[in-house]
Amino acid sequence: MAQFAADGVPTIDGCRPAVLRLMADGELRALKDIISGVAELMGLGEDVTAQKVSSGQGRLENRVGWACSSMKYAGLLERPQYGRYRITEQGRQVNARGLTEYSEQDQQEWATWRDYVKELAERKARQASEANGDDDSGQSGAISPSSPESFEDSGDDPLSAVSDKVDSINDGVETELRAALQSASPKFFEDAVLKLLWSMGYAGAQGEKQHLGRSHDGGIDGVIRQDPLGLQNVYVQAKRYADDNSIGAPDINSFFGALHRQGADRGVFITTSRFTKAAREASDQFQGRIVLIDGIRLTALMLRYGVGVQEQQKFVVYSVDQDFFEE
């Protein structure tokens with residue numbers, strides 16, 4: 001791919017080295033300052049910087065934004081504040097090479113990017129599995145996610161292509177959301193999962209939610225009371241774990257014991273990481289009384305019910321109203 005696209009605007013691959021050169025001084029910069037800095041560094045005229053995509057966003061803004069976002073996932077930039085970036089040591093290493101282009105494939109040299117791509121692949125595999133009516137954990141090999149503007153001629157109709165790109169963007173949001181939950185406090189995570197279950201309608205019309213706290217939870221982090229008398233309760237165990245800390249069968253058995261002590265007949269075990277095969281087998285023995293939600297499914301549900309995310313943009317596609325032309 002050339003450093004510049006046919007429209008004269010730098011490609012995303014061409015933007016990455018320019019961003020790193022600009023950020024090499026170690027300063028913390030807002031995205032709008034990075035965009036203007038890249039334009040000045042690359043000598044882009046107003047005829048280039050004024051270009052817009054169909055959504056109304058600047059074309060250069062779009063590409064620099066995606067360059068920064070992808071380099072954050074690769075560990076070349078960090079984002080200590082929302083919308084503000086700073087170069088990392090890995091970013092300095094890439095900048096020292098004096099490149100004019102740096103692609104997503106090139107970013108495969110960094111483990112953080114490979115992990116990100118692997119999670120996107122797992123999300124896509126699960127979506128495909130659910131569409132086929134399968135209940136699968138969604139294991140998949142690593143594939144490279146395409147950037148939002150890289151529409152390839154796959155033979156699909158344009159609406160399908162747009163839908164696929166929107167899904168890819170949202171997969172990235174879900175992955176970022178899971179990382180944010182993992183870096184939050186345990187109490188924040190416990191509150192977040194209660195808000196999710198509440199948003200999913202488990203409280204009914206007159207229910208209530210209660211965060212029990214870690215010091216005296218007895219294996220229970222929260223409860224959703226589905227009726228005013230508390231006759232139907234959903235108990236919740238929430239584990240904010242890193243990726244290398246999976247939930248095993250002993251955790252499931254312990255949670256069932258906690259439910260039994262509460263006289264409860266059902267519970268939800270939620271984690272930011274994943275469940276081992278033994279954990280899922282242990283859950284199956286309780287015949288649906290314990291529902292397991294891992295980090296992939298958790299963040300997909302948060303997006304679906306609008307918890308921890310906000311709607312950014314809507315696209316409207318028109319077709320001719322055939323009834324209008326009926327005489």
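Colleague: Let's start with Thr272. Leaving aside neighbours within four places in sequence, which residues is Thr272 in contact with?
Modeller: Keep in mind that this is a predicted model. With those neighbours set aside, Thr272 is in contact with Arg178, Leu181, Gln182 and Phe189, and also with Lys239, Arg240, Tyr241 and Gly295.

Colleague: Where does Thr272 lie?
Modeller: Thr272 is in the loop between β7 (267-271) and α10 (277-284).

Colleague: And is Thr272 buried or exposed?
Modeller: Buried, with a relative accessible area of 0%.

Colleague: What does Gly295 touch, not counting residues up to four places away in sequence?
Modeller: Gly295 touches Arg123 and Arg178, plus Thr271, Thr272 and Ser273.

Colleague: How far apart are Gly295 and Arg240?
Modeller: In sequence they are 55 residues apart, and in space 9.3 Å from C-alpha to C-alpha.

Colleague: Staying with α11, which of its residues are buried?
Modeller: Those are Gly295, Ile296, Leu298, Thr299, Leu301 and Met302. After α11 comes Gly306, which has a positive phi, near 70°.

Colleague: How do α6 and α11 sit relative to each other?
Modeller: Their axes come within 11 Å and cross at roughly 70°. An angle from 65 to 115 degrees counts as roughly perpendicular, so that is how α6 and α11 are described.

Colleague: Which residues meet there?
Modeller: From α6 you have Glu119, Glu122, Arg123 and Arg126, and from α11 Gly295, Ile296, Arg297, Thr299 and Ala300. By class, this contact has 2 nonpolar, 2 polar and 5 charged residues.

Colleague: Changing topic: which members of the largest nonpolar core touch the most other members?
Modeller: That core has 33 residues, and the ones touching the most other members are Val19, Ile34, Val38, Leu60, Val64, Leu76 and Leu77. At least two residues of this core come from each of α1 (12-23), α2 (31-41), α4 (59-74), β3 (84-87) and α6 (111-131).

Colleague: What does Val38 touch, again not counting residues up to four places away?
Modeller: Val38 touches Ala18, Val19, Leu22 and Val64.

Colleague: And what about a second core?
Modeller: There is a second, separate core of 20 residues, and Phe189, Ala238, Leu301 and Met302 are among them. In soluble globular proteins, nonpolar side chains tend to be buried together.

Colleague: How many disulfides does the count come to?
Modeller: The count is 0.

Colleague: Is Cys15 buried or exposed?
Modeller: Cys15 is buried, with a relative accessible area of 0%. Cys68 is buried as well, with a relative accessible area of 0%.

Colleague: Last one, for the overall picture: how many helices and strands does the protein have?
Modeller: The secondary structure comes to 11 helices and 8 strands. Of the 327 residues, 41% count as buried. Among contacts between residues at least 6 apart in sequence, 60% join residues at least 24 apart.

How values were computed: Residues numbered from 1 in each chain as written. Predicted model: local features only at pLDDT ≥ 70, side-chain atom pairs only at ≥ 80, totals over all residues. Heavy atoms only, no water. Core = buried A, V, L, I, M, F, W, Y, C linked by side-chain atoms within 4.5 Å. Buried < 20%, exposed > 50% of the residue type's maximum accessible area, 1.4 Å probe, protein only. Helix = DSSP H or I, 4+ residues; strand = E, 2+ residues; numbered from the N terminus. Contact = heavy atoms within 4.5 Å. Disulfide = S-S within 2.5 Å. Axes fitted to C-alpha atoms, helices over the stretch in contact; angles between N-to-C directions. Parallel < 35°, antiparallel > 145°, perpendicular 65-115°, else oblique. Nonpolar A, V, L, I, M, F, W, Y, C, P; charged D, E, K, R; others polar.
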